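Subject: Handover of a structure and the findings on it

Dear colleague,

Please find below the structure that I am handing over to you. My findings follow it, arranged by topic.

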Amino acid sequence: MQRLEGRTAIVTGAGSGIGLATARRFAKEGAKVVCADLDATAGERAAAEVDGLYVQVDVADEQQVQALYERAIAEFGRVHVAFNNAGISPPDDDSILDTGLEAWERVQRVNLTSVYLGCKYAIAHMREAGGGSIVNTASFVAVMGSATSQISYTASKGGVLAMSRELGVQFARDGVRVNALCPGPINTPLLQELFAKDPERAARRMVHIPMGRFGEADEIAAAVAFLASDDSSFITASTFLVDGGISGAYVTPL
């Protein structure tokens, strides 16, 4: 399919995981891809693979996010799609009883403030250009609780969910669609690191997934491509769950 032919898409966190899989999917569907990442090596590699543009950016820095959009527009004329995906889940973000203020604030900056900034500059441009699609990475943890808490991560993703809903409503008549993607547990480097460090904690997650497996980054990328394309033209302000059924489960199959 070439649903994104002639369009320009910005992907943050494009150097690995869901961001890289989505950059590949966008390029496969015909988009020009701006690969934004703090890691220059990973970002440049991703951009080279998809014949796109790499921009190094700290997504929590307003001047750098503004410069990212200015660079993309100077290079390609306009931005049609923004995938605000970059995020962190550090080990010092744990139970509220153990998580310090510095860890809390660091996660909020990267996971929530970055989405605020990405939306701010994407919406301003897209309104002038006649519309566009914004996809923000939230999480299934934004709609359910966990006894193995990552308190700041969970709160940040709840914020992404609420902000996406409000923006999707506010700017719908300007042709700007905003949706929150809520992946379930996905087989990415972050999850693999969790397995390596704490197999018991990781195993507690697996048992609750009705499909009995973690998702793959390519499966999430397919959902992002759908939300970015005109196939989802009547979808905005949505909580788009791609979680293997975990958020709908009470008892999973044996």
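How are α1 and α8 oriented to each other: parallel, perpendicular or oblique? Please note before the answer that this is a predicted model.

**Helix α1 and helix α8**

Helix α1, residues 17–28, packs against α8 with the two axes 8 Å apart and an angle of about 55 degrees between them. The two helices are therefore oblique to each other, and their crossing is right-handed. On the α1 side the contact is made by Gly17, Ile18, Ala21, Thr22, Arg25 and Phe26, and on the α8 side by Ala217, Asp218, Ile220, Ala221, Ala222, Val224, Ala225 and Ala228. By class, the residues of this contact are ten nonpolar, two polar and two charged.

**The sheet**

Seven strands make up an open sheet, in the order β3-β2-β1-β4-β5-β6-β7, with parallel pairing. Its edges are β3 (53–56) and β7 (239–242), each of which pairs on one side only. From one strand to the next, the twist averages 20 degrees. Helix α3 (residues 62–76) packs on this sheet and touches β1 (8–12), β2 (32–37), β3 and β4, its direction making about 160 degrees with that of β3. Helix α4 lies across β4, β5 and β6 (176–183), and it runs at about 175 degrees to β5.

Strand β5 (residues 132–137) deserves a separate paragraph. Strand β4 (residues 81–84) runs parallel to β5 and is joined to it by four bridges; Val81 stands opposite Ser133 of β5. In a regular strand, side chains alternate between the two faces of the sheet. Both faces of β5 are covered, with Gly132, Ile134 and Asn136 buried on one side and Ser133, Val135 and Thr137 buried on the other. Six of the six residues of β5 are thus counted as buried.

**Helix α4 and its helical partners**

How do α4 and α5 lie relative to each other, roughly parallel or roughly antiparallel? The axes of α4 (residues 101–129) and α5 (residues 151–170) come within 8 Å and cross at roughly 15 degrees. That angle makes α4 roughly parallel to α5, and the crossing is right-handed. From α4, the contact draws on Ala103, Trp104, Val107, Gln108, Asn111, Leu112, Val115, Tyr116, Cys119 and Ile123; from α5, it draws on Ile151, Ser152, Tyr153, Ala155, Ser156, Lys157, Gly159, Val160, Met163 and Leu167. These residues divide into 14 nonpolar, five polar and one charged.

Helix α4 also meets α3: their axes come within 9 Å and cross at roughly 35 degrees. This crossing, too, is right-handed. Glu62, Val65, Gln66, Tyr69 and Ile73 of α3 meet Leu117, Gly118, Lys120, Tyr121, Ala122 and His125 of α4. Six nonpolar, three polar and two charged residues take part in the contact of α3 with α4.

**Residues in loops**

Which residues other than glycine have a positive phi? Most residues other than glycine have a negative phi. Asp51, although not a glycine, has a positive phi of about 55 degrees. Asp51 is found in the loop between α2 (40–49) and β3. Is Asp51 buried or exposed? Its relative accessible area is 73%, and Asp51 is therefore exposed, the cut-off being over 50%. Ala237 likewise has a positive phi, near 60 degrees, and is placed in the loop between α8 (217–228) and β7.

Gly175 lies in the loop between α5 and β6. With a relative accessible area of 36%, Gly175 is partly exposed. Leaving aside residues up to four places away in sequence, Gly175 touches Gly131 and Gly132. Gly132 belongs to β5, where it is buried. Between Gly175 and Glu44 there are 131 residues of sequence separation, and the C-alpha to C-alpha distance is 32 Å.

Yours sincerely,

A colleague

Technical notes:
Residues are numbered from 1 along each chain as its sequence is written. This is a predicted model: local features need pLDDT of at least 70, side-chain atom pairs count only at pLDDT 80 or more; totals for chains, interfaces and linings use all residues. Side-chain values use heavy atoms; hydrogens and water are left out. Axes are lines fitted to C-alpha atoms, for helices over the stretch in contact, and angles run from 0 to 180 degrees between N-to-C directions. Angles under 35 degrees count as roughly parallel, over 145 as roughly antiparallel, 65 to 115 as roughly perpendicular and the rest as oblique. A crossing is left-handed if the near helix is turned anticlockwise from the far one by less than a right angle, and right-handed if clockwise. Contact means heavy atoms within 4.5 Å. Ala, Val, Leu, Ile, Met, Phe, Trp, Tyr, Cys and Pro count as nonpolar, Asp, Glu, Lys and Arg as charged, and the others, Gly among them, as polar. Buried means under 20% relative accessible area, exposed over 50%, partly exposed in between (1.4 Å probe, protein chains only). Two strands pair if DSSP finds at least two bridges between them.
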